[in-house]
Amino acid sequence: MEEVITANCLPLVRDEIWLPVEETAHVGRIRRTATALAERLGFGATRTAEIGLAATEIGTNLHKHARQGVVLIRAVRGERDAAVEILAVDHGPGIADMALAWEDGQSTTGTLGVGLGAVARLATSCAMTSRPGMGTALVARFAPKLHWAPEWGDEPAAGVTRPINGEEVCGDAYAVCRSTDRMTLMMCDGSGHGPLAAAASDVAVRVFREQPFLPPDQVVARLHAAMRGTRGGAVAVADIDLVRRTVRYCGLGNIAAAVLADGRKHGMISVPGVAGHQARTIRTFDYPLPERAVVAMHSDGLTERWGVDHGSDLIADPPVLIAATLLREAGVRHDDACVLVARPA
């Protein structure tokens with residue numbers, strides 16, 4: 001009898017909108033967007049107001065102390081639970097003293113300002129990373145109640161997507177499924193941009209989630225067949241064996257992937273092709289997964305010319321902050337972009 005592996009493919013994350021922080025009026029838009037999302041998710045009036053206050057603090061501090069600040073507001077959903085997540089990224093001077101920055105009353109240029117303490121108290125969870133001279137990334141998650149344990153447990157993997165300038169939806173997408181001893185990552189870069197590219201990626205996510213623990217080449221073959229009739233796209237699957245500490249990788253098209261470990265970036269191989277249209281060869285490649293290693297995947301909305309100096313010193317950070325930092329350092333604005341980062345236990 002074939003073994004049935006129970007998959008946990010939660011949470012479902014939907015990137016709502018990226019908002020620039022270039023003038024005072026943008027702070028109000030961040031607050032209104034965050035509170036509107038909380039209301040749609042059914043949050044109470046008090047909690048919604050708290051989210052609005054935290055969003056205002058984040059936006060205000062970006063405007064005052066950072067350069068090229070942007071905020072991503074998105075929903076994080078389970079079967080029963082949902083949360084609002086705010087991710088702030090900037091190209092500012094960075095923060096020299098992270099511990100001091102979290103204390104109330106700190107407003108020295110180079111920090112996010114006086115609001116960090118308040119944001120941390122209002123958020124269900126909050127984390128930050130900063131690189132002097134490069135910038136800062138902060139993520140704050142707000143559940144309906146302050147003290148909350150998510151139904152999906154810990155999150156060893158997280159990603160971010162960003163649409164090309166001028167589009168409201170991103171044509172790139174990702175998915176993560178976990179079991180007791182495995183974790184599988186999938187990414188799709190839908191051909192082109194806009195709703196039709198997003199529709200192709202949506203098909204890939206749906207089909208992947210139906211049987212995520214098939215061998216990667218079989219998953220990619222299923223994606224190729226299912227995406228016929230769509231615009232197609234580049235796809236890749238990374239099957240992480242948490243016991244054997246290996247990654248089995250299968251990529252079709254221009255998805256880039258690497259294992260970050262021991263101060264080095266170990267690239268993984270994708271073969272040429274377009275899922276849904278052309279797949280002459282579908283191959284898997286095996287790679288070792290050292291302890292404390294990070295697996296990173298991204299679409300061609302990021303240049304591959306980033307090195308370990310952009311990622312290796314951040315591997316102790318939450319995966320979402322690693323992903324945001326890589327997007328900041330290597331993202332190009334003339335394409336959709338997607339980054340997915342996993343730190344296996």
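**Helices, sheet and cysteines**

Student: How are α1 and α2 oriented to each other?
Tutor: In this predicted model, the axes of helix α1 (residues 24-40) and helix α2 (residues 45-65) come within 8 Å and cross at roughly 150 degrees. Axes are lines fitted to C-alpha atoms, for helices over the stretch in contact, with angles running from 0 to 180 degrees between N-to-C directions; helices (H or I, at least four residues) and strands (E, at least two) are DSSP runs, numbered from the N terminus. Angles under 35 degrees count as roughly parallel, over 145 as roughly antiparallel, 65 to 115 as roughly perpendicular, and the rest as oblique. The orientation of α1 and α2 is therefore roughly antiparallel.

Student: What kind of model is this, and how are its residues numbered?
Tutor: This is a predicted model, in which local features need pLDDT of at least 70 and side-chain atom pairs count only at pLDDT 80 or more, while totals for chains, interfaces and linings use all residues. Side-chain values use heavy atoms, with hydrogens and water left out, and residues are numbered along each chain, as its sequence is written, from 1.

Student: Which hand does the crossing of α1 and α2 have?
Tutor: The residues that meet there include Ile30 and Ala34 in α1, with Ile51 and Ala55 among those in α2. A crossing is left-handed if the near helix is turned anticlockwise from the far one by less than a right angle, and right-handed if clockwise. By this rule the crossing of α1 and α2 is right-handed.

Student: Are α5 and α6 roughly antiparallel or oblique to each other?
Tutor: Helix α5 (residues 194-210) and helix α6 (residues 216-226) have axes 9 Å apart and pack at an angle of about 140 degrees. Their meeting residues include Val203 and Phe208 in α5, and Val219 and Leu223 in α6. With that angle, α5 and α6 are therefore oblique.

Student: Which residue in β3 stands opposite Ala75?
Tutor: Strands β2 (residues 69-77) and β3 (residues 82-89) run antiparallel and are joined by eight bridges. The residue in β3 opposite Ala75 is Val84.

Student: Which cysteines form a disulfide?
Tutor: A disulfide is a pair of cysteine sulfur atoms within 2.5 Å, and by this rule there is one disulfide. It links the segment before β1 to strand β7 (residues 172-178), across 168 residues. With sulfur atoms 1.9 Å apart, the pair is Cys9 and Cys177.

Student: Is Cys188 buried or exposed?
Tutor: The sulfur of Cys188 is 9.3 Å from the closest cysteine sulfur, in Cys338, too far for a bond. Buried means under 20% relative accessible area, exposed over 50%, and partly exposed in between (1.4 Å probe, protein chains only). At 0% relative accessibility, Cys188 counts as buried.

Methods. Pairing = 2+ DSSP bridges. Contact = heavy atoms within 4.5 Å.
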